[in-house]
Structure formats: structure tokens, C-alpha cells
Amino acid sequence: MTDPMETEEARALRDAVRALLTRRSGPEAVRAAMDSPLGYDDKLWSTLCEQIGVAALAIPEHYGGAGAGLAEACIVLQELGRTLTPAPLLGSALLCGEALLRAGNDEACERLLPGIAAGTTLAALAWADEDWSCALTASDTGLDGRAHYVLDGDLADVLLAVARTADGAGLFEVPLDGVRRERVTTLDPTRRLAVVDFASTPARRLDTGGFERQLRRLLDTAVIGVAAEQVGAAARALELTVEYTKQRRQFGRPIGSFQALKHRMADVHVHVEAARSALYAAIVDGDAEAVAGAKLVCSEAFSHAAAEMIQLHGGIAITWEHDAHLYFKRAHGTALLFGDPARALRS
């Protein structure tokens, strides 16, 4: 079977995104973006959406999207992961776009998806408690509970929520003035998360029933998106480490020529290639076991690559000025995003 991430069109998309990020999202730009009020570079995001159409990739054409698919979105997420570029693609375009499509509400899709696809509307999905279980409940008085880990939740123009109802999980659209939103400090400074509090908050139910069975597939899509980020970041961490070991000299020769370090970098390479294969299986097969496997394998590969990056760069890697610590923090942050990977595989 042809790898959907290695077709001619896929390579052209990858090249276009990488070229733009190389020009506009170097280490200094990433640090400036993560310290900015939005937590990302809105001009770069606009360029990615207007010139390449990244937010539209997984959204059908009749809702203003490009009608591509998950594989194409993952190509972009891989490239964003390589450079650690902060962007609302995962939370807004992929997670919220998928939630709206799975709700089966044409009116809501026609009203909300075109703006999400254009990148001009920022959407967020609230649903999880601290243990990644459903945090919210719905009753006649509205929604109640506290949602954690809401991607870009304090900035969103559109707020969606998954809540428990008498007939299972439901998807709701929530007015922004009915909730309290607060940005939280994160381990990974390139990932913006918020806590959203609901107290008898009026909300409009969007799904037409049966959303319970759609929720698992929705979260699987999010997990695959994170795995794509991890593969891109792990590969780049290895590249940067190899480059450094060619330049750093000890005992009169590059440290990369030492057999022990060659073995360690080769081991990282094996982990990265295994992660690529796991991501491919999750995208192509899409079953629960393949998705859980991708979460576990990609998380472990990135954590291993980031740890070796720290070790092989030596003391400079633990300084604020070096980017190794950002890869290390992203690795640990993504490993926990959407739940523990080992527990997901066992469930």
C-alpha cells in the first residue's frame, strides 16, 4: 500500500511548509512566539493558512476546506513539530474540526467550519478532567464542571464542549461569556493550555445523538495528530544531535567519531523509524490498537531522542539559551497529552 505521507502531493506539501518554517520559524522566532500574548505568531499562522491552506486540509470542500485528509494534516504537524512552532492547528483545525464533523449537524458545520478552515476562527474543545476523563455534565440548567488541558482555550473565538448527558456524551457549543477561562503554566512553553470553568452554563447541543461512539474516534484523531508532531520533533532532535557531534571535538577529533556515541545515535535512529512506522499504521489502519500503539511508540521515541540530545550536547543543553531543553519539555508534555500511552494500550 502506498504511504499517504510519501506521495508526490504529500512531498510537495511537506516541502512548502518546511521552506516557510525555515524562513519564518527559527529558534529565535519560536521563542518570541511562545512569549507573545497569543503564544504563537499570528502572522505566520495567517501565512500558513492563506498560502498553503493548512487549517483547511482535513475539512471537506463544501464546508470551505481543502477536502484532503488526516495524512495531509499530519504532514503539516510533523513539520510544526520539527521546529517546535507554536500554532493552533492541532486544537482548532484538527480537534474541533473533527468534532463538528462527527456531530452530524450541517447547520453548525456550515456556520463554523469555514472560519476554522480559513484560520480566522480559533476554536477550542473542553472536555477533560485532570485524569483525562470526561469532566463536564449536562443538565436542564446547563453545563457544570471544570475542564483541564483545553488547547488555546483562553483565546478561542468558538468554544465547544463534550459533556455527559442522560443518553451518553454530547457535543455542545458554549457562549464565551458563560464560562471562566484561565491560561495555566505548562511544562512545555510552546503549548498553550487553559482551564475552563462551567457553572450552570447555558449551551446549545450540536450532535443529533450517538456522539458517545464518535468521541473515541475523535480522540484517536487527536492522538494521531500528536504522534505526527512527535515524529517530526524526534527526527529533528536526532539531526541536531548528529550535527553537534560532528562539530564538537575532544581528544583531537569530533566526538561523533567515537564508537559508543555512534551506537547511541543509531539507537535513536531506530526509535525514530519505528515511530514513523507506528504513525503510518495509525493513519492507514485507524483501529484502536494501532492508535494506542502509535501513542506509545512515538512518545517513547521522542522522549528517548530528547534525552539523548541533552546527554550528547553536554552541559550547554541544560541552559535556557539552548533549544535542547525545549525539545525535552515538548517530549514530556506530548507524552501525557490526551492521556497516558501505556494505559491507553492496555485499555
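# Close-up views of a predicted model

β3 gives the most to the lining of the second largest cavity, with 4 residues. This is a predicted model, in which local features need pLDDT of at least 70, side-chain atom pairs count only at pLDDT 80 or more, and totals for chains, interfaces and linings use all residues. Residues are numbered from 1 along each chain as its sequence is written, and side-chain values use heavy atoms, with hydrogens and water left out.

**View 1. The second largest cavity has a volume of about 50 Å³.** A cavity is a set of points, on a 1 Å grid over the protein atoms alone, where a 1.4 Å probe fits but cannot get out. Lining residues have an atom within 4 Å of a point. The volume is the space filled by probe spheres set on the points, and grid points are joined across faces, edges and corners. Among the residues that line this second largest cavity are L95, W127, W132, H148, Y149 and F338. Two elements give two or more residues to its lining: β1 (123-126) and β3 (142-151). Strands are DSSP runs of E with at least two residues, helices are runs of H or I with at least four, and both are numbered from the N terminus. The lining of the second largest cavity divides into 10 nonpolar residues, 1 polar and no charged. Here Ala, Val, Leu, Ile, Met, Phe, Trp, Tyr, Cys and Pro count as nonpolar, Asp, Glu, Lys and Arg as charged, and the others, Gly among them, as polar.

**View 2. Y149 and D152 both have a positive phi.** Most residues other than glycine have a negative phi. For Y149, phi is near 60°. Y149 is found in strand β3 and also lines the second largest cavity. Is Y149 buried or partly exposed? At 28% relative accessibility, Y149 counts as partly exposed. The cut-offs are under 20% relative accessible area for buried and over 50% for exposed, with partly exposed in between (1.4 Å probe, protein chains only). D152 has a phi of about 55° and is not a glycine. D152 is found in the loop between β3 and β4 (158-165). With a relative accessible area of 8%, D152 is buried.

**View 3. The largest cavity has a volume of about 170 Å³.** The structure holds 4 cavities of 30 Å³ or more. How many residues line the largest cavity? There are 19, of which A87, P88, D152, T190 and R191 lie nearest its centre. α4 (70-83) and α5 (89-103) each supply at least two residues of this lining. The largest share comes from α5, with 3 residues. The lining of the largest cavity holds 10 nonpolar, 4 polar and 5 charged residues.

**View 4. Helix α5 is largely enclosed by the rest of the structure.** Of its 15 residues, 13 are buried. From first C-alpha to last, α5 reaches 20 Å, close to the 21 Å expected at 1.5 Å a residue. The expected span is 1.5 Å times one less than the number of residues. G104 follows α5 and has a positive phi, near 70°.

**View 5. Helix α1 (residues 8-24) has its buried residues on one face.** Its 17 residues should span 24 Å at 1.5 Å a residue, and its end C-alpha atoms are 24 Å apart, which agrees. Which residues of α1 are buried? They are A10, L13, R14, V17, L20 and L21. Seen down the axis of α1, these buried residues fall within an arc of 140°, so they line one face of the helix. The arc is that of the directions from the helix axis to the C-beta atoms. On the other side of α1, E8, D15, T22 and R23 are exposed.

**View 6. The second largest pocket holds about 370 Å³ of space.** A pocket is an open set of points with protein on both sides within 12 Å along at least five of seven lines. Of the 20 residues that line this pocket, the closest to its centre are P27, R82, T83, R236 and Y327. The helices that each supply at least two lining residues include α1, α2 (27-34), α7 (211-247) and α10 (324-336). The pocket lining divides into 8 nonpolar, 6 polar and 6 charged residues.

View 7. A search of the whole structure finds 0 disulfides, a disulfide being a pair of cysteine sulfur atoms within 2.5 Å. C49 is buried, with a relative accessible area of 8%. C74 counts as buried at 0% relative accessibility.
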